[in-house]
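Here is a short briefing to read alongside the model. Keep the 3D view open and click through the residues as they come up.

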Amino acid sequence: MQKITKEVYLKWYEDMLFWRKFEDKLAAVYIQQKVRGFLHLYNGQEAVLAGALHAMDLTKDKMITAYRNHVQPIGMGVDPKRVMAELYGKATGTSQGLGGSMHIFSKEHRFYGGHGIVGGQIPLGAGLAFGDKYHGVDGVTLCCFGDGAARQGSLHETFNLAMLWKLPVVFVCENNGYAMGTSVERTANHTEIWKLGLGYEMPCGPVDGMNPIKVAEAFDEAISRARRGDGPTFLELKTYRYRGHSMSDAQHYRTKDEVAEYKKIDPITQVKDIILEKKYATEDDIKTIDKRVKALVLECEKFAEESPYPEKSVMYDAVYEQEDYPFIQHKI
């Protein structure tokens, strides 16, 4: 893993702050009904992505995740203006406005969604890794899912085959505590999700998901293992979401005091404190970064607002009709 230098800390701060403000802007325009459907925000979990990206090789590694998926593609190189346009349902979006919030996608940047079916991406992540191994590509796939998805049966089938075939994949449970609104303690007899890997003799363990340094170190070890052909790893990133599961979540299952306690270990604040403590930047430098982030978010909003909606005919380009399908009766 490359050394965590002054430049890395400054990048982490700016990136994580941008992701946070990007999501905050989406929350604001959602209330104005400019973004429709479901909206799942990443606030609080930024250290997971920051640490992962530091350990990845973005020229060949892949990522696949669930529907809390707006900022991951941005971190992997997708233009944030196009991501916001996709959420607006505009033609300039990553999928021409046809995917929306839960289905951001970029083959060019090796980001494979964005999946609305809980746990649906877990076997697909192993499939991506299988493809790399089959074709001799020296890439590793990060397959991310939440604590709720860890209860899906497909996880066990996938873990079994991934270990059997020594696939170059890192399984990542972003455990933010409540799934859709039910705590881990109420969904299983065990509370240490990472121990699910033990049944398959898969290297596994818990990680402080609020600290990008700890995250980067854990991912570096797991990615290195996968890249040298030693198979998968299962990491449980213990993190926290400051907002509800989605914008429609009333959050009756937790107190404001609990959220406030977790905000004391906010990953953005942690990195900012290190920057100031080590004198990597001054308070004025931080303010300059803050202004730059704010300006970029406004630029994304302006782009999305001014972009056109797709023509209705575009919807038909994404489906096909087989003229000679044997079970279709044609009227004479």
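For the charge count in this briefing, Lys and Arg are taken as positive and Asp and Glu as negative, while His and the chain ends are not counted. Each charge is placed at NZ of Lys, CZ of Arg, CG of Asp or CD of Glu. On that basis the protein chain carries 42 positive and 45 negative side chains, and the centres of the two sets are 3 Å apart.

This is a predicted model, in which local features need pLDDT of at least 70 and side-chain atom pairs count only at pLDDT 80 or more, while totals for chains, interfaces and linings use all residues. Residues are numbered from 1 along each chain as its sequence is written, and side-chain values use heavy atoms, with hydrogens and water left out.

**The chain as a whole**

- The protein chain has eleven helices and five strands; helices (H or I, at least four residues) and strands (E, at least two) are DSSP runs, numbered from the N terminus.
- Its radius of gyration is 20 Å, close to the 20 Å that the globule rule gives for 332 residues, so the chain is as compact as a globular protein of that length. The radius is taken over C-alpha atoms, and the rule is 2.2 Å times the number of residues to the power 0.38.
- The C-alpha trace spans about 80 × 50 × 40 Å along its principal axes.
- Of the 332 residues, 49% are buried. Buried means under 20% relative accessible area, exposed means over 50%, and partly exposed is in between (1.4 Å probe, protein chains only).
- Among contacts with a separation of 6 or more, 74% are between residues 24 or more positions apart; a contact means heavy atoms within 4.5 Å.
- The accessible surface comes to about 16,600 Å², and carbon and sulfur atoms hold 53% of it. These areas come from the Shrake-Rupley method with a 1.4 Å probe, and for residues only the protein chains shown count as cover.

**Helix α2 and tryptophan 19**

- Ten of the ten residues of α2 are buried, including Glu46, Leu49, Ala50, Leu53 and His54.
- Tryptophan 19 sits in helix α1 (residues 6-31) and is buried, with a relative accessible area of 2%.
- Leaving out residues up to four places away in sequence, tryptophan 19 touches Glu46, Leu49, Ala50, Leu53, Val71, Ile74 and Gly75.

**Two buried polar residues in loops**

- Aspartate 61 lies in the loop between α2 (46-55) and β1 (62-64), and counts as buried because its relative accessibility is 0%.
- The side chain of aspartate 61 makes a polar contact with the side chain of arginine 227 at 2.8 Å. A polar contact is a pair of N or O atoms within 3.5 Å; within protein, one must be able to donate a hydrogen and the other to accept it, and residues adjacent in sequence count only if both atoms are side-chain atoms.
- A polar atom of the aspartate 61 side chain also lies 2.8 Å from the backbone nitrogen of aspartate 57.
- Beyond neighbours within four places in sequence, aspartate 61 is in contact with residues including Met56, Arg110, Gly139 and Ile223.
- Histidine 70 is in the loop between β1 and α3 (71-75), and it too is buried, at 0% relative accessibility.
- The histidine 70 side chain makes polar contacts with the side chains of glutamate 23 (2.8 Å) and serine 101 (2.9 Å).
- Among the residues that histidine 70 touches, not counting those up to four places away in sequence, are Phe22, Leu26, His40, Val83 and Ile104.

**Backbone features to check**

- Most residues other than glycine have a negative phi, and most peptide bonds are trans.
- The peptide bond from glycine 113 to glycine 114 is cis, with omega near 15°; glycine 114 lies in the loop between α4 (80-87) and α5 (121-135).
- Alanine 179 has a positive phi of about 50°. This alanine is in the loop between β3 (169-175) and β4 (204-208) and is partly exposed, at 21% relative accessible area.
- Glutamine 251 has a positive phi near 60°. Its place is the loop between β5 (233-238) and α8 (256-263), and it counts as partly exposed at 25% relative accessibility.

**Glutamate 258 in α8**

- Glutamate 258 lies in helix α8 and is partly exposed, with a relative accessible area of 25%.
- Residues up to four places away in sequence aside, glutamate 258 touches Tyr178 and Tyr240.
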